Structures are given as C-alpha cells and as structure tokens.
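Hi,

Here is the structure I promised to pass on.

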Amino acid sequence: MAKKLSLEEVKELAISKGYKPLFKDYKNNKQKLLLETKEGYKVLGCYDKMAHRNAKPSAFGNGNPYTIENIKLWLKRNNKPFKLISTEYKNNSEKLTLSCPIHGEFRMSWTVVQRGSNCPKCAIGKLKKDRKLKIEDVKSEFIKRGFKPLFDKYNNNKEVLKYKDRKGYKYQTSVCNLRYGKEQHKFSPNNPYSYENILLWFSKNQPNYKFTSKEFIGTHEKYNFECHKGHRFNMTLKDFIHGEQRCPICARKLKHGDGGYNTTKAERNKKEWLKLKVKVYIIECWNYEEHFYKIGITRNLLKKRFSGEIMPYDYKILDTVNTNLYDAIYLEKELHEKNRKFQYKPKIWFRGHTECFSKLYNKELEVP
Ligand SMILES: [Zn+2]
Ligand SMILES: [Zn+2]
C-alpha cells in the first residue's frame, strides 16, 4: 500500500498536470479534489486519476457541480452576448434558459450552445445581414440574365436599380423582383425609361416615323406620330406597334394607287381604264423562313414595281400578261378567288401583301 501523501505533494502533482489546486485538504487518492483548469473552469479530479491515468475531468457535465459556473465562464470566454439564466444543469441535451440582451430569453441545449449557436432571433438578423450582397454580386445577378447594370451603388435587395437589356432598352427593378422574375416591360407606366425606350424603338424599327408626343402614359393611350412624308396622325402606341398600316394619309394614297384596284372602280373608270396598259403578274417570293406567291397588277415594269424597300422578300417572276387595266382587274379578282383558300399573310408588311398565297392552282396565267 502506497504511503499517505501530504497535501503539498498532491498540490504539486496537480500543478504539474496543469491545474491550479483549489482544495484545502487531502484525505485519500479517491477523494475528489477541486481544481481549476488553465482556462479557469472548475473541475473535480482525484489523485489516482491525475497520477495514473490521463483522463481529464470534464468542466461540463452532470458529474461536475460547477457546470453552471463553467458555462457562464465559457460564454464570457467565447464572447457570447447572451447570459445563462438556468441554475441547474441536467445533461447536455436538456434545454437551458438563456437571455439575449436584445431579444430576451430563449432556450437551447448545452450541446447546441457549445457548437456556437446564438440567440435564434439574432441568428436570423445575421442571416439577413449576410444576405446583403456585395455590389459585384448584385451586378452579376443582372449580367447572368443578359442585362447590363447601370448602377454603382447598392444598399439593399429592395432598392430599385437601373439596367439595360441587350438592345439598349432601359429598366429599373430591385434584386428581389429580379429574382422573382418580375421584369419590367420596355414601354410601361411603371418603367420610368419608357419614353426613352420608345424613341429608341422608333430609331431601330420605324425610322420612317417619328414619335412626336412629349410623354408616355401607357400603350393604350393615343399619341402623335409623323410619317417620313410629314403627315401627322395619332393612334394608340399599341396600334402603331402592331399595325400594318400606320400613316392613314399614306394608306389612302396607296389604295388609290397601284395596290388597291377593285371592280367598282373598274366600272366607274371603264372607258379610261380599257385604254390603260398594265401587266398582271405572278411572282414567287421567299426569304429564309417564308415562301409564297403573289398575284397582282402593275402599271410599271415589274422591276420598278418592286424596287428597294417596297418588296422586302426575294422574288422571281413566274408569268406576266399584258392587258388593259379594266380586264386586269377582273382577271386578278378571278385568280384571287380561285386561290382564296391558299391565302397567305406574309410576316413582313409590304404594299399588296393581302394578295399573297401559300400555293397556287396554276402558276401560269390563262387569259380568258
Ligand atoms: Zn438576440
Ligand atoms: Zn404619311
């Protein structure tokens, strides 16, 4: 049997193991001695375990009566803003009552606290803070959607930001709405750049027209326009954008010109028109996606009839017949009616675009 150690000898051993001895007496090697770790936690250890085993007494646990005190110290050492309210420790999964200086009491087990968790309400706030994106991240949100950011500052995800699309139209939206896919229309009362966008749209798509109104209210409102011939007219923006015929004055002139013959007019002008030499023609038209035929009348040579911008498709003359305008009108009418069920509406508007067909019964003209 080992000889009884003195209090001093046991204290020395405790010190040699890294503890500060807080015990005042020593009875035997199984006696629980109060020690303080380097970190300041109070633990109980016996001489036997200290001297012969490397087992370290736990600072936190139901076997340690100083656990509550140690937890308080741990919170301090780990700079936790909350305090421990519970005065009793049962085990590491039992919830303790803690108190946040901002949000008040909350309950959490020691295991969870030790893992580094904070007051749940504070945690949500921190998450939100983390969610506050950096300017580069915000910009990339726009860039990956094909937009060009037009801002250099960012405060929060509800803030309205300015951006451009690939075609140069401007918009504004928040990061939140962008993520929800709520994108603005280029012409819309809630897009402050609508007016600018309209002018851009005209320069790109309708260079022959001018938008002469000074402000934009909505696409269903009427605005002033001017055609390249200087005719002024007004219509809704919607009608203008989707319309086939814009300037009504130019439209009227077209009807009375080459494109709009009808039998009523033929009868009215019979005497005169019987003497007027014209051509009835069939042409085949196409571009990379469309293919159709057109039957019509022209007073000019066909090359002149379809020159420049007037005929936006490639075409080939299939047949022509020389006749007078009066007969031509009836011939054209007959051919149109014969092929009525093949009637085709080309995607690009041009003069006489209502006289087009996807197929024809006969690609040659028969003179009656
Ligand atoms: Zn809190
Ligand atoms: Zn006009």
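Predicted model: local features only at pLDDT ≥ 70, side-chain atom pairs only at ≥ 80, totals over all residues.

Residues are numbered from 1 along each chain as its sequence is written, while chains are lettered from A and ligands numbered from 1 in the order in which they are written.

The domain assignment (bounds like these come from an automatic or database assignment) lists domain 1 (7-52), domain 2 (67-126), domain 3 (135-179), domain 4 (194-248) and domain 5 (259-357). Between the C-alpha centres of domain 1 and domain 3 there are 65 Å.

Now the sheet. Helices (H or I, at least four residues) and strands (E, at least two) are DSSP runs, numbered from the N terminus. Three strands form an open sheet in the order β7-β8-β9, with antiparallel pairing; two strands pair if DSSP finds at least two bridges between them. β7 (148-149) and β9 are at the edges with a single partner strand each, so one side of each has no neighbour in the sheet. β8 (residues 161-164) pairs with β9 over 4 bridges, and Lys164 sits opposite Lys170 in β9.

Gln172 is also in β9 (residues 170-173). It is partly exposed because 17 other C-beta atoms lie within 10 Å; the cut-offs are 20 or more for buried, 12 or fewer for exposed and partly exposed in between, with C-beta atoms placed from the backbone. Beyond its neighbours within four places in sequence, Gln172 is in contact (C-beta atoms, placed from the backbone, within 7 Å) with Val160, Leu161, Lys162 and Pro192.

On to the cores. A nonpolar core is a set of buried Ala, Val, Leu, Ile, Met, Phe, Trp, Tyr and Cys residues joined through C-beta atoms within 7 Å. The largest has 19 residues, of which Tyr293, Ile297, Ala328 and Ile329 touch the most other members. β13 (277-286), β14 (291-298), α14 (325-338) and β16 (356-357) each supply at least two of its residues, and β13 gives the most, with 6. Apart from this core lies another, of 10 residues, including Val10 and Leu33.

Finally, the buried residues of α14 are Leu325, Tyr326, Ala328, Ile329, Glu332 and Leu335. They pack against α11 (263-268), α12 (270-273), β13, β14 and β15 (314-324).

Cheers

Key. Contact = placed C-beta atoms within 7 Å.
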